[in-house]
Amino acid sequence: MTEAQLDSNQPLEANDGARNMLDLGAFVGELTDEDDAASDDFSLQGLEQELQDCKTDDVVAMILSKGSSLRDYARDVENNLRQTELESIEDYIKESDNLVSLHDQIHECDTILSQMENLLSGFQAEIGSISSDIKILQEKSMDMGLKLKNRKAAELKLSKFVEEIIVQPRMIDIIVDGEVNEDYMKTLEILSKKLKFVEVDSMVKTSKALNDVQPELEKLRQKAVSKVFDFMVQKLTALRKPKTNVQILQQSVLLKYKYVILFMKEHGKEVYLDVRAAYIDTMNKVLSTNIRAYIQALEKLQLDIATSNYLIGIDTRSTGLFLRGREPLKNRSAVFALGERINILKEIDESALIPHIAEASSKKYPYEVLFRSLQKLLMDTATSEYLFCDEFFGEESMFYDIFAGPFLVIDEHMNTILPNCFDAIGLMLMIRIIYQHQLIMSRRRIPCLDSYLDKVNISLWPRFKMVFDMHVNSLRNANVRGLWEDDVHPHYVMRRYAEFTASLIQLNVDYGDGQLELNLERLRMSVDDLLVKLAKLFQKPKSQTIFLINNYDMTIAVLKEAGPDGGKIQMHFEELLKSNTAIYVEELLAEHFRDLIKFVKTRASEDPRSGSGQPITASEVEIIVKDFGSRWKAAIELMHNDVITSFSNFLCGMEILRAALTQLLLYYTRLSDCTKKIAGGSALNKDLVSISSIMYEIKKYSRTF
């Protein structure tokens with residue numbers, strides 16, 4: 001309450017004392033015992049349930065714990081309630097003025113709120129009206145946006161239509177009067193788009209504007225096609241000029257105008273086919289002429305290697321053999337020995353020979369070198385032309401039409417060369433060259449020469465087989481008497497065979513050609529038979545054996561040069577060398593120590609103490625012991641001289657001598673053991689040569705190698 005209110009309530013405070021003097025009992029009344037008595041008449045129904053509920057009540061439990069009477073406690077509670085009620089009434093009376101004032105204030109607030117409610121209701125009505133207007137505006141805006149979108153779409157289509165169909169004067173000037181250059185090709189692209197637009201779009205065909213524009217577009221198309229046709233014919237004519245580098249002209253000139261070809265392909269099919277045919281005809285003739293000229297230049301560089309008469313089993317001493325035509329054979333071993341010719345496979349991807357440079361140096365080449373150059377030139381030319389056709393014309397298939405002529409020129413050349421080629425090693429080198437070129441084209445991923453290379457390979461194999469069979473037949477049908485020489489050193493036919501076989505083995509190392517291995521086995525069987533026939537013409541068995549050993553040793557040495565692994569053929573000749581060496585050792589020892597060897601083989605194995613047979617006597621052994629002791633050193637020296645003069649390979653001869661001396665030591669050791677066992681043999685000890693002396697002589701000859 002405010003101070004003013006307090007002041008205004010001072011008279012009330014003066015009367016408070018009088019009011020306090022009022023007896024409230026007059027209003028409320030007093031509780032009497034009669035009222036309590038009257039309360040005994042109430043119903044006890046449900047009392048038991050209430051008592052059960054009160055068991056857990058804390059207040060009841062407290063009263064019972066004090067021992068008080070429930071009736072007395074109830075009376076106290078009721079008096080307290082009455083007293084509290086009276087106090088509340090007094091408080092309300094004291095605050096009655098304030099409550100009146102509060103009521104007035106509430107009434108005023110209610111009036112103000114009512115006015116505010118009316119004001120807000122007006123605002124609500126106005127806002128509702130504005131919302132309606134906004135909704136209308138929104139609908140109008142959406143409608144306008146849709147119309148704008150439709151108009152923009154229509155404008156875009158219309159502008160595209162106008163842009164695609166309109167023919168600008170500048171475009172007409174360029175197409176009609178302009179030179180074919182980069183700007184001209186850009187204009188061709190624009191014209192191509194307009195022509196495609198008119199042809200493809202169905203709506204355009206129904207438009208009236210097309211009736212005005214289409215005749216002009218058709219005139220421009222015809223003019224453009226005619227002009228670029230003349231231009232391409234002029235460029236193709238430049239390809240026919242002599243000494244023109246076709247590949248440079250293609251890359252630096254023609255490829256810049258590849259859109260011209262595309263334009264003709266799309267809008268002038270007949271003219272395009274004419275240009276295509278003209279290009280095919282031009283390149284066919286140009287490449288055919290160039291390859292024919294290159295082949296003719298290569299033929300001047302050819303070094304002929306062999307003729308049909310120069311075979312393994314033919315005696316060339318009586319034929320006076322010269323090479324076909326121009327060059328006599330300067331190195332006949334080149335027919336059978338591979339030598340440096342294998343380097344052509346290491347230079348497989350080198351540039352082709354330039355004929356006039358090679359001719360200026362007066363150098364000649366085996367045909368496989370010229371063959372590689374020709375195939376290398378063809379391979380590089382074909383790769384370039386194949387890629388150009390794909391990029392310029394967009395057609396890979398026309399390559400085969402272009403190269404029909406060059407392939408024919410090369411086929412004619414090969415048909416001339418192969419029937420006159422008797423160089424088996426050269427043919428095998430050409431086969432390997434074709435295989436390597438196939439790998440190169442495969443790595444380049446250019447398939448255009450697959451069928452051609454297969455065809456060449458197929459033509460080379462039968463020719464190689466025929467020449468190889470000629471060598472085999474020359475051995476089978478050889479004139480043994482004509483080939484025989486009274487000389488135990490390696491025969492030239494066997495050297496030819498060894499070099500020829502080693503060459504083919506070397507050319508088969510990385511290829512594993514089973515057919516070639518079978519052919520080499522046929523050749524080996526033929527030369528075995530011929531060598532044995534030649535050996536039998538020697539009167540002495542020893543000379544026959546020496547002849548065979550010399551030839552086998554020479555063959556093994558040549559085969560080892562071709563490769564360290566040897567193979568079946570080398571193993572075969574090593575077995576033959578081993579067996580013939582054993583035969584020669586026995587023959588050599590029998591020539592100088594026949595009695596010693598005969599005794600050791602026939603009598604030394606007998607037991608002198610056994611009663612069976614005729615016993616060995618000291619006199620029988622004494623003759624052999626004294627004979628050996630008197631000349632064993634001289635005999636060894638004769639054996640050494642015999643070996644030196646008999647065998648071409650010094651190391652092989654020394655190995656044979658060492659084997660012979662070792663075998664001699666074994667024979668003499670058995671003789672010494674036999675002497676110790678016979679009766680009276682101790683008397684011969686003074687005549688026996690000590691084993692250490694023989695070992696010393698063996699070591700002395702061993703030191704020479």
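About 40 Å³ of space lies within the second largest cavity of this predicted model, a cavity being a set of points, on a 1 Å grid over the protein atoms alone, where a 1.4 Å probe fits but cannot get out. The volume is the space filled by probe spheres set on the points, with grid points joined across faces, edges and corners. Its lining is made up of Ile295, Leu298, Glu299, Tyr367, Leu370, Phe371, Leu374 and His413, where a lining residue has an atom within 4 Å of a point. Helix 15 (269-299) and helix 18 are the elements that give two or more residues to this lining, and helix 18 gives the most, with four residues. Helices here are DSSP runs (H or I, at least four residues), numbered from the N terminus. By class, the lining has six nonpolar, one polar and one charged residues; Ala, Val, Leu, Ile, Met, Phe, Trp, Tyr, Cys and Pro count as nonpolar, Asp, Glu, Lys and Arg as charged, and the others, Gly among them, as polar.

Residues are numbered from 1 along each chain as its sequence is written, and side-chain values use heavy atoms, with hydrogens and water left out. As the model is predicted, local features need pLDDT of at least 70 and side-chain atom pairs count only at pLDDT 80 or more, whereas totals for chains, interfaces and linings use all residues.

The search of the whole structure finds four cavities of 30 Å³ or more. The largest cavity has a volume of about 150 Å³. It is lined by 15 residues, and Gln302, Asp304, Ile305, Tyr367 and Cys421 are the closest to its centre. Helix 18 (367-393) and helix 21 (424-444) are the elements that give two or more residues to this lining, which divides into eight nonpolar, three polar and four charged residues.

Turning to open space, the largest pocket holds about 830 Å³; a pocket is an open set of points with protein on both sides within 12 Å along at least five of seven lines. Of the 27 residues that line the largest pocket, Thr244, Asn245, Asn290, Ile291 and Leu377 lie nearest its centre. At least two lining residues each come from helix 13 (246-252), helix 15, helix 17 (355-360) and helix 18, and the largest share, nine residues, is supplied by helix 15. The pocket lining comprises 14 nonpolar, eight polar and five charged residues.

The structure contains 25 aromatic pairs, meaning rings of Phe, Tyr and Trp (its six-membered ring) with centres within 6.5 Å; planes under 30 degrees apart count as stacked, over 60 as edge-to-face and the rest as tilted. Phe399 and Phe403 form a stacked pair, 4.5 Å centre to centre with 25° between the planes. Phe399 is buried at 0% relative accessible area, and Phe403 is buried at 0% too (buried is under 20%, exposed over 50%, partly exposed in between, with a 1.4 Å probe and protein chains only). One aromatic cluster is formed by Tyr310, Phe336, Trp461, Phe464, Phe468 and Phe500. The charged end of Arg496 sits over the ring of Tyr310, 5.2 Å from its centre, and Arg432 lies over the face of Tyr511, at 4.1 Å from the ring centre. Such a placement requires NZ of Lys or CZ of Arg within 6 Å of the ring centre and within 35 degrees of the ring normal.

Finally, the structure holds zero disulfides, defined as pairs of cysteine sulfur atoms within 2.5 Å. The sulfur of Cys448 is too far for a bond because the closest cysteine sulfur, in Cys389, is 9.4 Å away. Cys448 is buried at 0% relative accessibility, while Cys109 is partly exposed at 44%.
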